Amino acid sequence: MTITVFIRYQLDPFKRAMFEEYSRNWLSIIPRCGGDLLGYWMPHEGTNNIAFALISFESLAAYEAYRARLRQDGEGMANFNFAEQNRFILAEERTFLRKVEL
C-alpha cells in the first residue's frame with residue numbers, strides 16, 4: 001500500500017525565503033534517498049506562514065528505509081542543520097495518508 005506523508009510547516013513569516021531555499025534543496029535530496037517527492041508548496045496569498053510538502057512511499061517500511069538513508073546523506077544533514085541554525089520552521093506536523101481507491 002502506497003503511503004503519502006503530508007507535512008505541514010509553520011514558518012517564521014519573515015524568513016520565507018530561507019524556507020524556500022530549504023525546500024529547493026530537498027528537490028534532489030529526497031528522490032536520491034528514495035522518496036517520491038510530489039512537491040513543496042509555499043504561501044502565495046492569504047496566510048503567510050504555512051507551507052506544505054507531500055512525499056510518497058511504497059510502504060511504511062520504505063519510509064523507514066528512506067529516513068535511515070537521509071540520516072546518512074551529507075546534503076540532507078546539511079539541510080537539516082541549515083533549518084535548525086536559522087530557525088525559520090516554527091512547527092512541523094506529519095500526517096501519513098493512504099489514497100482512497102475503488
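I begin with Leu38, which is partly exposed at a relative accessible area of 44%; buried means under 20%, exposed over 50%, and partly exposed in between, with a 1.4 Å probe and protein chains only. This is a predicted model, in which local features need pLDDT of at least 70, side-chain atom pairs count only at pLDDT 80 or more, and totals for chains, interfaces and linings use all residues. Residues are numbered from 1 along each chain as its sequence is written, and side-chain values use heavy atoms, with hydrogens and water left out.

Leu38 belongs to strand β2, residues 36–41; strands are DSSP runs of E with at least two residues, helices are runs of H or I with at least four, and both are numbered from the N terminus.

Next, Arg87 sits in the loop between α3 (74–86) and β4 (89–97). Its phi is near 50°, a positive value in a residue other than glycine. Arg87 is exposed, at 62% relative accessibility.

How much space lies in the largest cavity? The volume is about 110 Å³, where a cavity is a set of points on a 1 Å grid over the protein atoms alone at which a 1.4 Å probe fits but cannot get out, and lining residues have an atom within 4 Å of a point. A volume is the space filled by probe spheres set on the points, which are joined across faces, edges and corners. Of the 16 lining residues, the closest to the centre are Ile7, Tyr40, Tyr66, Arg67 and Arg94. Helix α2 gives the largest share of that lining, four residues.

Conventions: On a 1 Å grid over the protein atoms alone, a cavity is a set of points where a 1.4 Å probe fits but cannot get out, and a pocket is an open set with protein on both sides within 12 Å along at least five of seven lines; lining residues have an atom within 4 Å of a point.
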